[in-house]
Amino acid sequence: MELWLRYARVALMGQFSKRSNLVVVTLAQLLLTLSALAAVLVLFARFGTLAGYSREEVLLLFGVAQVSFSLVELLARGFDSFSAILAQGEFDRILARPRGTILQVLGARLEFSRLGRALVGAAILVHALRALGPAMVADGPALAAARYATVASMTLGSGAIFAGIFVLGASLAFVSPDGLEVVNIFSDGGREMSQYPLSIYDKALRRFFTFVVPFGCVNWLPLEFALARPGASWPAAFLPLAGFAFLALSFLAWRAGVRRHASTGS
Amino acid sequence: MSASASASVAAARPSFLAPYLGLFRTRLVRGLAYRAAAAAGVATQFFWGFIMISVFQAFARAGLSPLDPREIASYVWLQQAFLVLVVVWFRDAELIRLITTGDAAYELVRPVDLYAQWYARLLGGRLAGAALRSLPILLVAGLFPEPWRFRLPPDLAQAGLAFLALALAAALTVSVSLFAYILALVTLQPYAAFILLAPLAEFCSGLLVPLPFLPDALRRVLELLPFRAMLDLPARLWSGSLTASDSLRPFALGLAWLLVLVPLGRAALSAALRARDVPGG
């Protein structure tokens, strides 16, 4: 932890010294989020509802996806851009040091430009929670606490899935440097997809993104419980744990990748 | 690279168009060489296409929709297939490097019109990207079951009009994106202009949400801007949501914008060149 804080300080100082670059990238990220938000708002302005979900209910999912994705991009960029770390021989230096590889790869890249995007996502999340609050607290303080905790665990679980995707992509980089862009389908595409309730998608797509990459477990399934919808039961509150299982499995792949790694450098 | 190619073409046949055609061709050939990137791009575009169609169709089920589910599918697949032709953020990284390192000064030495030269290379790069990506997307999407299927336009005339509109869209997109390169020349901040211009163009052209889904007041304003002919016009002509007779006005407007934007861009470029010194020794 202490070592990671030192990594963070170095990255922070480095990025703030190139301030104009940081500002431009932060602005770009913000505009991307805002235009995605504009799309949601515009569509609700015309149609009023989406497959039985209200605007604030969808905004809740939107906020969960944005916050978790941008925080994971901030923290785990090292895994996301791991093929560059590998190609530059930087990983060999990491292996030579007497510390764990995961911590060092995390520390190698921290992307503070994602902070603005995370804040916008958080603001949307707070707005949605305030609008939906009355329904969530209607049946007593204990259940109300459970419902808010479910939203928190959806956010954490969603972050775990995104982190898992980055780690899996990095593990794939040990095998082949080609075609890694496909990982973006799951990371960027996963974010885009999970901004909306997964129930609107085709059954095959939904199954894949529930049982293989478990976005469904941090999306509409626990949301039913968090919103106190009729028929929703409390076990759904534990589904976001699947995100952590996914992350744990991806670390197994990572370990296998490190073991089979043969350096590219001299 | 492009310099020697255009020079040799110019030497062989000194017509005034030759250097621009040479640049256009080298960009096209180079773009076609990046097949792996195109394959990954195609996969990504399919996925995003599915997401967009699902979202729009799910919304449209809620009530009176200006586009029916089939029109939505055709609209989105046409957009995904020709994305590199119509998005502002598709950048020529090498041209940006040329601008920010000051190597653009060498371009000035050549006896060719700089605006036309940049226009040709940007158009060539975009056509190469679209040539690789569009066919696989359209062919495969044409085989999907309803309501996902990419459909042909109602008749041949409408298909022809849609292709004309696509050509106009590409010409307009290049003329709009050129302003971002010109701004990069002024500010030496390579991406700032793209970052502002790209989301704006995406929203106003109907790339983010088809324009008929927007509130009517906003839509009426956006229909007057040049962005409309960058996607809305070809995609809606193709999907059949816009009839041939209703397309005449947007066609004329788009063409008028092109005739305004090209001289404007040319003037801006020469003003920008006069106004600043080029970095580098």
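In which helix of chain A is A:Ala65 found? I begin with that residue, after a word on conventions. This is a predicted model, in which local features need pLDDT of at least 70 and side-chain atom pairs count only at pLDDT 80 or more, while totals for chains, interfaces and linings use all residues. Residues are numbered from 1 along each chain as its sequence is written, and chains are lettered from A and ligands numbered from 1 in the order in which they are written.

A:Ala65 is found in helix α3 of chain A, residues 55-80. Helices here are DSSP runs of H or I with at least four residues, strands are runs of E with at least two, and both are numbered from the N terminus. A:Ala65 counts as buried because it has 28 C-beta neighbours inside 10 Å. The term buried requires 20 or more other C-beta atoms within 10 Å of the residue's own; exposed means 12 or fewer, partly exposed lies in between, and the C-beta atoms are placed from the backbone. Leaving aside neighbours within four places in sequence, A:Ala65 is in contact with A:Ser158, A:Arg191, A:Ser194 and A:Gln195. A contact requires that the C-beta atoms of two residues, placed from the backbone, lie within 7 Å. By comparison of C-alpha atoms, A:Ala65 and A:Phe208 are separated by 18 Å and stand 143 residues apart along the chain.

Next, helix α12 of chain A. It covers residues 241-260, 20 residues in total, and reaches 30 Å from its first C-alpha to its last, close to the 28 Å expected at 1.5 Å a residue. That expected span is 1.5 Å times one less than the number of residues. Which residues of α12(A) are buried? They are A:Ala242, A:Gly243, A:Phe246, A:Leu247, A:Ser250, A:Trp254 and A:Gly257. Because they cover an arc of only 140° around the axis, they lie on the same side of α12(A); the arc is that of the directions from the helix axis to the C-beta atoms. These buried residues pack against α8 (141-175) of chain A. On the other side of α12(A), A:Ala248, A:Leu252 and A:Arg259 are exposed.

Two loop residues of chain A deserve mention. A:Ala51, in the loop between α2 (19-47) and α3 of chain A, has phi near 45°, a positive value in a residue other than glycine. A:Ala228, in the loop between α11 (220-226) and α12 of chain A, has a positive phi of about 55° although it is not a glycine. A:Ala51 is partly exposed, with 17 other C-beta atoms within 10 Å.

I turn to chain B. Its secondary structure comes to 13 helices and zero strands. Of its 281 residues, 46% count as buried. Among the contacts in chain B with a separation of 6 or more, 78% are accounted for by residues 24 or more positions apart. The peptide bond from B:Glu146 to B:Pro147 is cis, with omega near 0°, and B:Pro147 is placed in the loop between α8 (114-141) and α9 of chain B.

The largest nonpolar core has 149 residues, and those with the most contacts inside it are B:Val86, B:Ala169 and B:Tyr181. Such a core is a set of buried Ala, Val, Leu, Ile, Met, Phe, Trp, Tyr and Cys residues joined through C-beta atoms within 7 Å. Helix α9 of chain B, residues 156-187, gives the most to this core, with 18 residues. Beyond its neighbours within four places in sequence, B:Tyr181 is in contact with B:Leu95, B:Ile99 and B:Trp118. B:Ile182 also lies in helix α9 of chain B, and counts as buried because it has 23 C-beta neighbours inside 10 Å. Not counting residues up to four places away in sequence, B:Ile182 touches B:Gly265, B:Ala268, B:Leu269 and B:Ala272.

How many residues does each chain bring to the contact between them? Chain B gives 26 residues and chain A gives 32 residues. On the side of chain B that touches chain A, α3(B) gives the most, with twelve residues.

Finally, confidence. The model scores ipTM 0.87 and pTM 0.85. The mean pLDDT of chain B is 84, and 88% of its residues reach 70 or more; pLDDT is the predictor's confidence in each residue, from 0 to 100. Over residues 1-12 of chain B the pLDDT is below 50. Where pLDDT is low, the predicted coordinates should not be read in detail.
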